[in-house]
Amino acid sequence: MKTLRLVLGDQLNYTHSLVYTLDTDTTWLILETKDETGYVDHHIQKVIGFFAAMYNYARFLEKKGHQVIHIKINDSQNKGSLIDNLSHLIQELKIEKFEYFLPDEFRLDERLKQYSNTLSIPVQVWDTEHFLAERDTLGQFFEGKKEYLMESFYRMMRKRYGILMEGSGKPLGGKWNYDAENRKKWDAKKKTIPPLLFTHNFTDIALEIEKAQIKTIGSVNAAAFNWPVSRKESLELLHYFVNYLLPHFGTYQDAMSINEWSLFHSRLSFSLNTKMIHPLEVVRAALAAFEKWPEKISLSQIEGFVRQIIGWREYMRGVYWARMPEFARLNYFNHQRKLPVWFWNADTQMRCQQQAIEQSLTHAYAHHIQRLMVTGNFALLAQVNPDELDEWYLGIYMDAIEWVEITNTRGMSQFADGGIVGTKPYCGSANYINKMSNYCSNCAYEKDKRHGEKACPLNSLYWNFYLNNEDKLRSNPRIGMVYMQLDKMSPAEKTAIKEQAASYLEKIDQL
Ligand code: FAD
């Protein structure tokens, strides 16, 4: 049967079983389309990265002997949208069977299902053979529960894959979790290990994007594009991480430091989310290093890393499929404020925000604690509408794909899900930022002041958030301490905090 097999831009699995099954009747289709680049304004590096990775995947398939159609954004045969291109090709090539891989995005999943229903030819949907849990594993695991505790899911995954286990059912070293040991501040006087950067010349792709009038955000040096865009480079990045960064990963995973944009983080998320590398090979490479260099890589470093991949990453995907599409509309605190303008240009005097946003615009990257406890924290305390924030996070990061972006943003960072992902909101005042970073030094604001001239905005906004949401949060046992502190404050102090917060929120664009 003459078959057309669609591969989406985040389905570049070089180890998929179908790659190793030659079929002369099948044509693989890789498409650059306006609708996929335009549903939010993406970072220029993200668009270039996807186009380059898709190009390399198409060449890889051809080298394997497959027939491939790769339609680029400005090609004359490009019909515009995904569906228009599919309809045209199915008719033009007299296709007798349509195949695609299970999309990871709800929107595309629905769209392809609907489109398939309109076809009069058979349709086959393949698994992407990428994830370690099925779409519905988490939903079934937590059946009937309001909260989905990551820790329980993570332990189940450790047992399922026999990772860091000794004997049956027991965690290696006797403990499941070493988080408490993984919260060290980085000493800025120490020398860090530089990130591994590639140097591709992608000026041609940048020009094509400009020609196609795709609206983008952020900046790029297209002549020295530094992200991995093939499996070979993704593996190089993995080995660099395992050899040089992993020995410090756990200890400093929550640390932040001026001008250090990735510290000991792997920067593997783009390679993982496009499926150029497999989560299990990432974990196995890390485990092999742990076994080889036990004196260099402690159990707490490796556990911290394994938790991110087989825990958080798989967990977020499970939450997405268990709770979409309602998840995308959740707004527990009914926050309605617009995102401050400086989220788009980093023009703020708050040094922590300036650092995290500036590097996001420059590198299309911020590490987890910057996303969660700097930008996400500010947005939560400033009552920003989660829709606005989702759009920003979905656009700005190299690795941003809805299944992992929205669950982290709306769920983990904004508590807009009312406690599905987290048991309490993740938020902090200047105290937290100062504990985990050197951002507060030389900041225009004073970290120790709650109100008054130059008081750090995070302080009044933090207490104001808890005062405003007392009905929703006071009874939460994990937040008891906060309300005990608030109860000790005088009414005058509370009024001063509220007034300070209101005045900052009024001039939010000038902070
Ligand atoms: P490392 O710190 O080196 O961690 C290794 C890997 O673990 C990552 O590559 C990633 O695959 C996985 N991982 C770690 N934390 C998480 C997590 N919370 N959820 C899922 N996977 C995790 N991650 C994305 O991949 N895409 C997103 O769009 C995205 N948006 C986020 C938005 C917010 C508000 C927050 C708080 C987090 C978001 N994350 C997202 C999760 C996390 O911040 C990134 O995965 C991580 O920063 C990627 O950098 P890295 O590869 O250097 O990660």
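User: How many bridges join β2 and β4, and in which sense do they pair?
Analyst: Helices and strands here are DSSP runs, numbered from the N terminus: helices are H or I with at least four residues, strands are E with at least two. Two strands pair if DSSP finds at least two bridges between them. I30 has H70 in β4 as its bridge partner. β2 and β4 pair in the parallel sense, over five bridges.

User: What pLDDT do local features need in this model?
Analyst: Residues are numbered from 1 along each chain as its sequence is written, and side-chain values use heavy atoms, with hydrogens and water left out. This is a predicted model: totals for chains, interfaces and linings use all residues, side-chain atom pairs count only at pLDDT 80 or more, and local features need pLDDT of at least 70.

User: Which residue of β2 stands opposite L6?
Analyst: β2 also pairs with β1, in the parallel sense. Five bridges join β1 and β2. Opposite L6 stands L29.

User: How many of the residues of β2 are buried?
Analyst: Buried means under 20% relative accessible area, exposed over 50%, and partly exposed in between, with a 1.4 Å probe and protein chains only. On one side of β2, T26, W28 and I30 are buried; on the other, T27, L29 and L31 are. β2 is largely enclosed by the rest of the structure, because the buried count is six of six.

User: Which residue of β5 does L4 face?
Analyst: β1 (residues 3-7) and β5 (residues 97-101) pair in the parallel sense. Four bridges join β1 and β5. L4 stands opposite F98.

User: Are α13 and α17 parallel or oblique to each other?
Analyst: The axes of α13 (residues 368-381) and α17 come within 9 Å and cross at roughly 55°. Angles under 35 degrees count as roughly parallel, over 145 as roughly antiparallel, 65 to 115 as roughly perpendicular, and the rest as oblique. α13 and α17 are therefore oblique.

User: Which residues of α17 meet α13?
Analyst: On the α13 side, the residues are N377, F378, L380 and L381. On the α17 side, they are L458, L461, Y462 and F465.

User: Which backbone nitrogen does the side chain of N459 reach, and at what distance?
Analyst: N459 lies in α17 (residues 457-468). N459 counts as buried, because its relative accessibility is 5%. A polar contact is a pair of N or O atoms within 3.5 Å; within protein, one must be able to donate a hydrogen and the other to accept it, and residues adjacent in sequence count only if both atoms are side-chain atoms. The N459 side chain reaches the backbone nitrogen of A430, at 3.0 Å.

User: Which backbone oxygen lies 2.8 Å from the side chain of T407?
Analyst: T407 sits in α15 (residues 402-413). T407 is buried, at 0% relative accessible area. Its side chain also reaches the backbone oxygen of V404 at 3.4 Å. The oxygen at 2.8 Å belongs to W403.

User: How far apart are the C-alpha atoms of F327 and A416?
Analyst: F327 lies in the loop between α11 (299-323) and α12 (351-363). F327 is buried, with a relative accessible area of 1%. Among the residues it touches are T407, I406 and V421. F327 and A416 are 89 residues apart along the chain, yet their C-alpha atoms are separated by 8.9 Å.

User: Which side chain makes a polar contact of 2.8 Å with that of Q383?
Analyst: Q383 lies in the loop between α13 and α14 (386-396). Q383 is buried, at 16% relative accessible area. Its contacts include H335, N464 and L505. The side chain joined to Q383 by the polar contact of 2.8 Å is that of R337.

Notes
Axes fitted to C-alpha atoms, helices over the stretch in contact; angles between N-to-C directions. Contact = heavy atoms within 4.5 Å. Lists of a residue's contacts leave out its neighbours within four places in sequence.
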